[in-house]
Amino acid sequence: MENNSSLFDGNGIINKPFHRDGFQESLWQKSAGTPGEYGEFDPSTLYDTLIVGAGITGLTTALLLQEGGKKCVIVDAHSPGFGTTGGTSAHINTFADTTYDEVEKDFGKEAAVQFAESIARSVAMIDRLVQKYNIECDFEWKNGYVYSETDQETDELNTLFESALSAGVSAKIAEHAPAPVPYQKAVVFDRQAQFHPLKYISALQKHFVEKGGVVINDTLIEGVDSEDGHHVAKSADKQIKAKTVVYATHIPPGGVNVLHFRNAPYRSYVIAATLADGAYPDALIYDMQEPYHYFRTHTTDGQQYLVVGGHDHKTAHGDPEQSFADLIEYTKQCYQVEEVVARWSAQYYVPSDGLPYIGQLPGASSGIYTATGFNGNGMILGTVSAMVISDLILHGQSVDEDLYSPGRIKPIAGFTEFVKENADVAARFIGDRFGIEEIKSISEIPANSGQIVEFDDQKLAIYKDQNGRVSALNPVCTHTHCIVNWNNAEKSWDCPCHGARFDTDGVVLTGPARENLEKVNINTQNQ
């Protein structure tokens with residue numbers, strides 16, 4: 001199949017040094033510079049490890065392995081930072097979306113402590129790499145404040161605070177918090193951090209290549225065969241041989257895997273704004289709303305920006321344009337916004353039992369690893385994943401391998417979420433096939449937008465660009481055959497079942513799908 005040669009062509013994305021899986025340009029893209037060197041691929045080499053995916057997980061894993069004396073190659077279907085790493089809000093925390101209380105209830109007190117310790121090690125690892133390689137990525141230590149506004153939120157905040165202390169995380173009640181609204185109570189976590197994610201991974205790539213690593217862009221791995229004690233990854237024009245394989249793709253790609261059913265895809269929304277009064281907060285700030293909002297300040301090229309995220313929803317279930325509008329309106333209620341200079345969204349996966357899945361890929365040959373289910377904490381849990389997987393490859397074991405094992409079986413933990421999410425998948429699989437609007441003319445579809453319609457007795461995903469050019473696709477996702485939905489904010493077709501996403505020409509962007517949406521020829525004359 002083709003790679004991403006058609007990706008957002010004409011929309012100003014394709015020619016940027018760092019492009020992403022959506023039409024919107026992140027603050028990080030605006031100020032990232034250019035990626036580093038790529039090294040030279042040798043098709044005759046049996047590499048120690050092939051890493052599929054060049055985000056924070058893949059690049060950190062690759063650098064740690066290369067530091068450990070391995071010979072590695074990274075392959076990305078697009079380019080470094082293309083997925084969630086290029087769209088994060090880039091908070092680095094010692095706490096996670098899955099609270100220590102939730103981990104303790106489902107896995108026990110020791111597991112909660114271990115979760116906290118692994119997160120602390122990942123924060124220290126990011127700091128170590130920044131210091132060791134003198135990475136200029138706007139890394140700064142900050143205090144992190146979490147505040148409550150209602151009695152119920154205060155009860156939840158108390159549980160968050162007490163369980164963090166119990167797990168060994170440094171936190172205390174804040175006497176004063178830089179909350180943007182009146183609040184009842186606040187907790188402060190020290191030694192939190194922030195950085196510029198694309199500058200960070202660009203430096204990781206640079207030093208990985210300097211140590212002999214290889215990075216290959218625009219190459220979709222269509223499958224991996226195992227033979228003679230090693231693995232052979234195949235793309236349209238390459239074969240790559242490696243002793244071990246790591247899928248650092250945010251969700252394992254390809255045919256149906258049990259992890260596709262244990263993780264639910266969500267989209268998160270972020271804006272960057274300038275403030276009229278210059279009252280930028282010098283901290284990481286989080287409320288306790290559902291879904292919650294988060295705020296921080298980032299300075300790049302001498303300009304301060306307020307970075308705000310929130311209004312998450314399941315992929316292809318909400319209205320992205322409305323989420324952006326609501327986020328901007330909420331931010332204006334909290335701060336004196338002068339201008340919104342960037343807005344973007346990113347995808348993450350919520351694990352059914354709260355913990356990420358890191359280790360041997362279920363159902364795959366030995367030596368094929370995966371890392372998925374990071375919730376909204378991709379920077380810290382992507383780094384945790386790199387540490388676990390590199391330890392497994394270098395030393396044959398990791399202190400955290402059992403906690404995060406993708407093959408773990410917990411009859412109680414996450415069972416309710418597992419049932420709920422997969423019932424939703426079944427409902428979308430059936431329900432989205434009915435009630436599709438029938439149109440008589442393509443002219444009924446506005447320019448620069450897409451729609452699932454019935455036209456000429458066919459169910460179609462039709463996109464009309466700003467110049468009136470029409471592309472028609474079979475709307476059935478090539479992963480598990482759900483019906484995709486149109487994302488007008490990011491100009492993409494998104495699957496509501498397992499989060500596969502496709503561009504306007506049907507080319508795979510992200511998610512578990514490997515095959516493009518089928519193109520359909522339609523008669524657009526006299527339309």
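Author: What follows sets computed values beside the cut-offs that give the labels, and the model itself is a predicted one.

Reader: Why are α3 and α5 called roughly perpendicular to each other?

Author: The axes of helix α3 (residues 100-107) and helix α5 (residues 151-166) cross at roughly 65° and come within 7 Å. Angles of 65 to 115 degrees count as roughly perpendicular, and α3 and α5 are therefore given that description.

Reader: What makes α3 and α5 a pair in contact, and which residues meet?

Author: Contact requires heavy atoms within 4.5 Å, and on that criterion Y100, D101 and E104 of α3 meet T159, S163, A164 and S166 of α5. Sorted by class, this contact of α3 with α5 comprises 2 nonpolar, 3 polar and 2 charged residues.

Reader: Is D138 buried, exposed or partly exposed, and how do you know?

Author: The relative accessible area of D138 is 23%; since buried means under 20% and exposed means over 50%, D138 is partly exposed. This residue lies in the loop between α4 (109-132) and β4 (140-148), and its phi is positive, about 60°, although D138 is not a glycine.

Reader: Which peptide bond is cis, and what is its omega?

Author: The bond that joins E290 and P291 is cis, with an omega of about -5°. P291 belongs to the loop between β12 (284-286) and β13 (294-300).

Reader: What makes a space a cavity here, and how many are counted at 30 Å³ or more?

Author: A cavity is a set of points where a 1.4 Å probe fits but cannot get out, and the count by this rule is 4 cavities of 30 Å³ or more. The largest cavity has a volume of about 620 Å³. Its lining is made up of 42 residues, of which G53, D76, A248, T249 and T510 are the closest to its centre. Among the elements that each supply at least two residues of this lining are α2 (56-67), β10 (239-250) and α9 (378-395). By class, the lining of the largest cavity divides into 19 nonpolar, 19 polar and 4 charged residues.

Technical notes:
Residues are numbered from 1 along each chain as its sequence is written. This is a predicted model: local features need pLDDT of at least 70, side-chain atom pairs count only at pLDDT 80 or more; totals for chains, interfaces and linings use all residues. Side-chain values use heavy atoms; hydrogens and water are left out. On a 1 Å grid over the protein atoms alone, a cavity is a set of points where a 1.4 Å probe fits but cannot get out, and a pocket is an open set with protein on both sides within 12 Å along at least five of seven lines; lining residues have an atom within 4 Å of a point. Grid points are joined across faces, edges and corners, and a volume is the space filled by probe spheres set on the points. Helices (H or I, at least four residues) and strands (E, at least two) are DSSP runs, numbered from the N terminus. Ala, Val, Leu, Ile, Met, Phe, Trp, Tyr, Cys and Pro count as nonpolar, Asp, Glu, Lys and Arg as charged, and the others, Gly among them, as polar. Axes are lines fitted to C-alpha atoms, for helices over the stretch in contact, and angles run from 0 to 180 degrees between N-to-C directions. Angles under 35 degrees count as roughly parallel, over 145 as roughly antiparallel, 65 to 115 as roughly perpendicular and the rest as oblique. Buried means under 20% relative accessible area, exposed over 50%, partly exposed in between (1.4 Å probe, protein chains only).
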